[in-house]
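Hi,

Here is the structure I promised to pass on. Have a look at it first, and my notes on what turned up follow below.

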Amino acid sequence: MGAVITNSTEIRNTAMLGLGVHRPERVVTNEEICQSIDSTDEWIQSRTGIKERRFAKAYPEESVLDMSESAARSALAAAGVEPAELDVVILATSTYPMQTPQGAAILADMLGAGGPSAFDVAAGCAGFCYALGVASDLVRAGTANKVLVVGVDRMTDSTEPTDRSVRAIFGDGAGAVVVGVSDEVGISSTVWGSDGAQGRSIRQEPDWVGFALNPEQKRPWIIMEGTAVFRWAAFEMGKIAKTVLDRAGVRIDQIDAFVPHQANLRINDVIVRSIDLPEGVPVADDIIETGNTSAASIPLAMEKMLRTGQVQPGATALLLGFGAGLSYAGQVVKMPVLAAS
């Protein structure tokens with residue numbers, strides 16, 4: 001029969017111990033964007049809610065890893081955790097420019113973490129919630145004690161400057177949290193899934209191999225079919241949000257804040273109505289000043305809510321990420337603390 005393999009049967013509670021973000025300094029208004037796309041400030045605001053967004057410095061400055069390191073160091077400071085204490089580093093991104101080595105391993109080295117497990121997650125705008133779910137499960141099962149999760153994207157590298165359907169929407173940024181053991185449940189089980197049948201609604205075209213074989217064609221860019229994405233997100237994500245609450249055993253009237261992916265204010269308004277969110281419960285609106293930052297969207301939105309006093313650390317929040325794949329993921333969480341400014 002051979003040796004008997006054993007596993008720990010202890011299931012531990014987890015929570016986000018600290019949160020940090022990186023927002024590029026350059027603010028790009030709708031008026032500036034409209035210099036390169038066929039649109040107006042009124043059109044953009046009425047259809048997305050966006051007034052401005054942040055663009056990172058020209059490549060190679062303020063890279064995916066630079067922004068990740070900045071956000072990570074703030075999150076570690078907020079959590080009171082040293083880099084050497086990290087067991088795992090997870091980088092959620094769709095815009096890290098290298099296929100190998102993985103960005104998480106390089107980030108861990110930049111932080112001086114001493115060689116923890118490190119891997120990247122590519123799940124589009126749902127990437128942060130995917131990575132948060134994985135991190136929480138690693139800690140719950142005893143595989144790790146402290147995990148760094150970073151959601152980061154430089155969407156300016158992936159969006160064609162004259163394409164109104166994407167260039168007006170996306171921005172750059174990073175957000176990070178440290179996940180660790182907690183006395184109480186601070187992160188619920190993750191509800192996640194995908195609908196690959198609709199995957200072409202948000203896609204890169206052409207692929208990089210095809211471009212390498214025919215470099216005279218248009219270089220790869222992100223293409224989005226806005227109507228299809230709007231319909232899917234607005235009318236399916238409310239159902240997912242209710243499933244997240246049910247899985248967590250939390251009623252909608254027990255939620256202190258709703259933090260949906262910052263894709264479109266109109267989408268989020270539809271979701272809010274579909275889940276019967278009580279009046280007065282704050283809903284993240286970071287998209288107004290930051291645009292859609294893909295995997296960075298939810299941690300950036302949490303930071304704004306905490307920084308502006310809309311909610312306090314420890315508040316109960318519903319997180320809901322959705323986007324390319326088409327994929328989604330959500331959790332009920334206790335809001336983390338920020339580093340002292």
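Let me start with charge: the chain carries 28 positive and 41 negative side chains, and the centres of those two sets sit 4 Å apart. In that count Lys and Arg are positive, Asp and Glu are negative, and His and the chain ends are left out. Each charge is placed at NZ of Lys, CZ of Arg, CG of Asp or CD of Glu.

Before you read on, note that this is a predicted model, where local features need pLDDT of at least 70 and side-chain atom pairs count only at pLDDT 80 or more, while totals for chains, interfaces and linings use all residues. Residues are numbered from 1 along each chain as its sequence is written, and side-chain values use heavy atoms, with hydrogens and water left out.

The overall picture

The chain has 11 helices and 13 strands (DSSP runs numbered from the N terminus, with H or I of at least four residues for helices and E of at least two for strands). Its radius of gyration is 19 Å, close to the 20 Å the globule rule gives for 341 residues, so the chain is as compact as a globular protein of that length. That radius is taken over C-alpha atoms, and the rule is 2.2 Å times the number of residues to the power 0.38. Along the principal axes, the C-alpha atoms fill a box of roughly 65 × 50 × 50 Å.

Of the 341 residues, 55% count as buried (under 20% relative accessible area; exposed is over 50% and partly exposed is in between, with a 1.4 Å probe and protein chains only). As for contacts (heavy atoms within 4.5 Å), 76% of those between residues at least 6 apart in sequence join residues at least 24 apart.

Aromatic pairs

There are 2 aromatic pairs in the structure. Rings of Phe, Tyr and Trp (its six-membered ring) pair if their centres lie within 6.5 Å; planes under 30 degrees apart are stacked, over 60 edge-to-face, and the rest tilted.

One is Tyr 130 with Trp 192, a tilted pair at 5.0 Å centre to centre and 45 degrees between the planes. This pair links distant parts of the chain, 62 residues apart: Tyr 130 is in helix α5 (residues 127–140) and Trp 192 in strand β8 (residues 191–194). Tyr 130 is buried at 18% relative accessibility, whereas Trp 192 is partly exposed at 42%.

Trp 208 and Phe 211 make an edge-to-face pair, 5.8 Å centre to centre with 85 degrees between the planes. Both lie in helix α7 (residues 208–213), 3 residues apart, or about one turn of the helix. Trp 208 is partly exposed at 47%, and Phe 211 is buried at 18%.

Thr 290 sits in helix α10 (residues 287–290) and is buried, at 3% relative accessibility. Leaving aside residues up to four places away in sequence, Thr 290 touches Arg 23, Glu 52, Arg 53, Arg 54, Gly 171 and Leu 300.

Arg 47, in helix α2 (residues 41–48), is partly exposed at 34%.

Pro 161 is in the loop between β6 (146–154) and α6 (164–167) and is partly exposed, at 31%. Its C-alpha lies 21 Å from that of Ala 174, 13 residues apart in sequence.

Cheers
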